[in-house]
Amino acid sequence: MSEQLKVRITAKGPKQILALDGGGIRMMMTIEVLAEIENILRQQLRKGSEFRLSQFFDFVAGASTGAIIAACISSGMSVAETRNFCQSIGQEIFDKASLLKRFRAKYEDEKLAEKLQDVFGKDTTLGSEKLQTVLMMVMRNATTDSPWPVSNNPFAKYNQRDLKDCNLDIPLWQLIRASTAAPVFFPPEVVTFAPGTSNEYQFIFVDGGITMYNNPAFQAFLMATVEPYKMGWGTGENQLLVVSIGTGTSPKANVDLDPGEMNLLYNAGSIPSALMFAALNEQDLLCRVFGKCVAGDQLDHEVGDLIGKTGPVSPKLFTYMRYNAELTEKGLSDLGLSGINPEDVQQLDSVKHIKKLQEVGQAVGKHKVLPAHFKCFA
């Protein structure tokens, strides 16, 4: 484990967390929002083209395809490099499986695995010195039926080098792949622990999007501050910043829905998206309750956006920004994108409409990401 990361974790002063939702190919929206953040920080920090988000954010968390972007940023890639990589793997992520294999999953995973190995290194592990920030990736351990927020935090219980099954020895590409293994869409990922020893065993992992941490923002805050994780970061509105980026929501009120329509096929196709929406909404609400929210859309008609509102703690434990878009006709129109068909950007596998997804992300960056949000930390 890099001594530089240990120094970064224990250094005094304000800390910054970046959390990235899962959302399939809608991750292209996230990248464009990050491009605007990168541009703002370059100006405020008076940095040139060599500036990377890994120099500002001390902790990057991601679930599902958000884990891909998080790993790119933690590895020191620029947003432009991340964009190019994610565009190149778009077709590989959603490569149709053969008819026989579609009883297991809708898409193949071999090409994605190869791309991840090529970019991050087949032998690069979670404990690699290539990772410049704390990196957390969320997945679900189907074997133990439990959510797994796996990180490279060198002080964590299961990251100690004297353990034969130390998590830091797991290949980085495989953890990314595990976090993106959305049921129905992709086959699960089998990870071997303590390989080649008498203690060898395996766990089966699926997408972190079907845990409560598809939006990993609040879990990242907990990992950074709760004692058992041993990072020990301080709290306070001027001491901790949490920036959370979504991949769009597409609420659909179906007043004509008949109970008989909710068969096995209906549920198989709708449950993953429904779980993702519920998870991101709950994490977002928690962040706005315990953090000082300075940016974020309305959560619902009762609580609103919670900007400037009080809660159970005062002062708040961190400053919080949430950037997202509603992928409905009205939501897109509010962003000046009335020419985009909502259905083109709502699907998790809408590969044919990557450019439209990028337009949405650019509009979110233009209209919602403001330089004033970062002044206290830049």
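# Helix crossing and strand pairing

Q: In which hand, left or right, does helix 5 pass helix 6?
A: This is a predicted model, in which local features need pLDDT of at least 70, side-chain atom pairs count only at pLDDT 80 or more, and totals for chains, interfaces and linings use all residues. Residues are numbered from 1 along each chain as its sequence is written, and side-chain values use heavy atoms, without hydrogens and water. Helices (H or I, at least four residues) and strands (E, at least two) are DSSP runs numbered from the N terminus. A crossing is left-handed if the near helix is turned anticlockwise from the far one by less than a right angle, and right-handed if clockwise; for helix 5 and helix 6 the crossing is right-handed.

Q: Which term describes how helix 5 lies to helix 6?
A: The axes (lines fitted to C-alpha atoms over the stretch in contact, with angles from 0 to 180 degrees between N-to-C directions) come within 9 Å and cross at roughly 140°. Therefore, with under 35 degrees roughly parallel, over 145 roughly antiparallel, 65 to 115 roughly perpendicular and the rest oblique, helix 5 is to helix 6 oblique.

Q: Which strand does strand 3 join by 6 bridges?
A: Two strands pair if DSSP finds at least two bridges between them. Strand 3 (residues 134-141) has 3 bridges to the antiparallel strand 6 (residues 201-207). The 6 bridges of strand 3, also antiparallel, go to strand 4.
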